[in-house]
Amino acid sequence: MQNANPQSGVSTTLAPLRNPAFRAIWTATQISSLGWLIQTTAISWLMATISASDLMVALVQASSTLPAFFLSILAGAIADSFSRRGVMLAGYFLIALASLTLAVTVALGVISPWLILGLGFLAGCGFALNDPAWHASVGDILEKRDIPAAVTLMSVGYNIIRSTGPAIGGAILAFFGPLAAFVLAALSDLVPLAAVSRSKWHVRSSSLPRERVTAAIHDGLRFTAMSSQIRAAIVRGTLFGLASISILALLPLIVRDHLAGGPIVYGALLAAFGLGAFTAGLSSSSLRRIVPQDRLIALASVACAAGCFLLPLTTSIPVAALALAIGGAGWLLTWTGIDVAIQLSSPRWVVGRTLSIYYALSYGGMAVGSWTWGAVAQDYSLTMAFEVAAAVLLLVAAAAFVLSIELWDEVEQEASEFEPPALALELQPRSGPIVVKVEYAIAEQDLEAFLNCMHKRRRIQSRAGARNWTLQRNLLTPTLWTETFRTPTWTDYLRLNHRLSAADQELGDRLASLHDGAAAPQTVLAIERATTPIRARSHPITRFSRP
């Protein structure tokens with residue numbers, strides 16, 4: 001697919017729509033999002049009318065975001081280990097089931113606050129399954145150069161719907177009642193199920209056996225913990241989610257108590273929030289050319305802080321709409337910036353897991369924030385809740401000085417080619433543990449450069465799966481250095497080498513150039529075995545597992 005002109009913001013944003021699979025799923029997602037926003041508008045207002053508790057109103061947002069905190073990491077491991085398309089279908093099925101059940105219970109007149117929260121939790125489970133698989137699939141469906149445009153387009157598309165969906169939801173709620181809104185939402189959730197079922201895309205297959213889910217989770221957590229840029233993005237996303245969710249969680253109370261409005265006003269104000277996000281999405285390419293990426297995210301947090309500060313201080317609907325538009329612009333620029341940073345910093349083998357960890361913590365932050373700001377509003381005042389949230393958002397903006405994010409990291413993340421060495425022993429996939437030793441001869445004048453490379457080497461090898469990595473210097477021959485690490489099994493050794501990118505291999509070439517010897521650095525592969533006596537001679541030593 002031909003890439004659009006990178007200097008043209010609009011064409012760059014629309015370029016991913018040339019891909020049929022992305023276009024079909026993206027379009028279906030917008031239809032489903034419209035139904036979800038109509039349903040959310042109806043649920044929030046219904047909860048505000050059937051419950052006198054400010055906390056219960058705020059928990060409507062928490063009920064749909066909390067599952068992502070508990071399930072996203074598991075869902076990310078599943079998305080990286082199984083068919084991402086199948087995981088997406090399972091997630092959309094749960095969302096459709098929750099919407100259909102809600103429509104039926106409202107029709108039967110058995111709705112209650114706790115039932116609303118329970119069905120919101122079920123829908124949240126569907127989103128927790130779908131989101132990591134869908135976002136990780138973007139890199140499978142599209143070329144890497146189109147990923148930033150695709151992520152922006154996904155956010156812009158949602159916020160186009162956000163700018164109209166709540167207003168439509170408020171109108172449906174006012175003129176036809178909540179049942180009509182819930183039925184429409186249930187029907188809209190069937191559209192992405194059909195689109196994903198019909199769409200096909202190529203996924204690079206692996207000759208290695210599927211990784212166990214527990215091991216996949218462990219490897220994803222380790223990779224994320226050892227990647228400073230991803231770690232910084234996740235921390236800032238979590239803090240931003242905790243503070244910024246106050247806008248959406250407490251907006252029904254602003255409409256009811258400060259503006260004395262009804263569902264039409266509530267829908268219109270949500271539309272203003274979406275319109276601000278939509279406008280920011282269209283201008284995001286131009287903004288990124290003017291403002292450095294990390295500073296743009298910090299300024300977006302300041303914009304959300306301004307929206308939080310202004311919202312409870314006015315009784316004017318136009319002023320409240322302006323505050324929400326500013327907050328919506330900051331909301332979109334922050335989330336798209338962080339999402340793209342994680343996508344481009346993650347190799348394909350682990351992108352579902354890094355995204356899922358990000359979603360788990362950011363959605364967890366939003367769930368905790370919904371409860372926190374609802375409790376502050378109930379125990380103190382609505383104004384205090386917004387003012388404290390604005391202060392926290394300013395602190396999030398200041399965090400850019402210590403947790404910097406480079407959004408457009410173009411480091412090549414594609415896996416390099418790896419040919420396993422010819423072995424004298426026949427190994428089974430689970431034979432192990434495998435010990436790897438690489439010996440280098442390093443001259444004294446190259447020692448500093450060698451140690452600098454080894455500092456990077458340890459991080460690269462460890463986050464790809466190496467265990468117990470060490471660097472040793474020979475006491476009898478000080479110019480000799482040995483890099484040593486282990487993998488649990490032979491399959492894990494193969495998987496580690498398949499995970500190394502071309503950029504990672506360049507570091508190996510740099511180390512080889514520092515080697516002071518006629519031949520290349522010598523790699524020694526060995527298998528550990530237990531020291532207990534062998535009872536059955538027929539058992540080959542290559543089948544010993546970890547003692």
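Which residues have the most contacts inside the largest nonpolar core? In this predicted model, local features were considered at a pLDDT of at least 70 and side-chain atom pairs only at pLDDT 80 or more, whereas totals for chains, interfaces and linings use all residues. Residues are numbered from 1 along each chain as its sequence is written, and side-chain values rest on heavy atoms, with hydrogens and water left out.

The largest nonpolar core comprises 78 residues, and those with the most contacts inside it are Leu251 and Trp331. A nonpolar core is here a set of buried Ala, Val, Leu, Ile, Met, Phe, Trp, Tyr and Cys residues joined through side-chain atoms within 4.5 Å; buried denotes under 20% relative accessible area, exposed over 50%, and partly exposed the range in between (1.4 Å probe, protein chains only). Helix α10 gives the most to this core, with 13 residues. In soluble globular proteins, nonpolar side chains tend to be buried together. When residues up to four places away in sequence are not counted, Leu251 touches Ser246, Tyr266, Leu269, Leu270, Leu311 and Leu324, a contact being defined by heavy atoms within 4.5 Å.

Helix α10 spans residues 228-258 and also holds Thr238; helices (H or I, at least four residues) and strands (E, at least two) are DSSP runs numbered from the N terminus. A polar atom of the Thr238 side chain lies 2.8 Å from the backbone oxygen of Ile234. With residues up to four places away in sequence again set aside, Thr238 touches Leu361, Ser362 and Gly365.

For the protein chain, the secondary structure comes to 18 helices and four strands. Strand β2 (residues 467-473) and strand β3 (residues 480-487) run antiparallel and are joined by five bridges, where pairing of two strands requires that DSSP find at least two bridges between them. The two strands form a hairpin with six residues between them, and Arg473 has Trp481 of β3 as its bridge partner.

Arg529 is placed in the segment after β4 (522-527) and is partly exposed, at a relative accessible area of 37%. Although Arg529 and Ile434 are 95 residues apart along the chain, their C-alpha atoms are separated by 9.6 Å. Across the protein chain, 83% of the contacts between residues at least 6 apart in sequence join residues at least 24 apart. Buried residues account for 56% of the 547 residues, while the chain exposes about 23,400 Å², of which carbon and sulfur atoms supply 63%; accessible areas come from the Shrake-Rupley method with a 1.4 Å probe, and for residues only the protein chains shown count as cover.

Terms used: A polar contact is a pair of N or O atoms within 3.5 Å; within protein, one must be able to donate a hydrogen and the other to accept it, and residues adjacent in sequence count only if both atoms are side-chain atoms.
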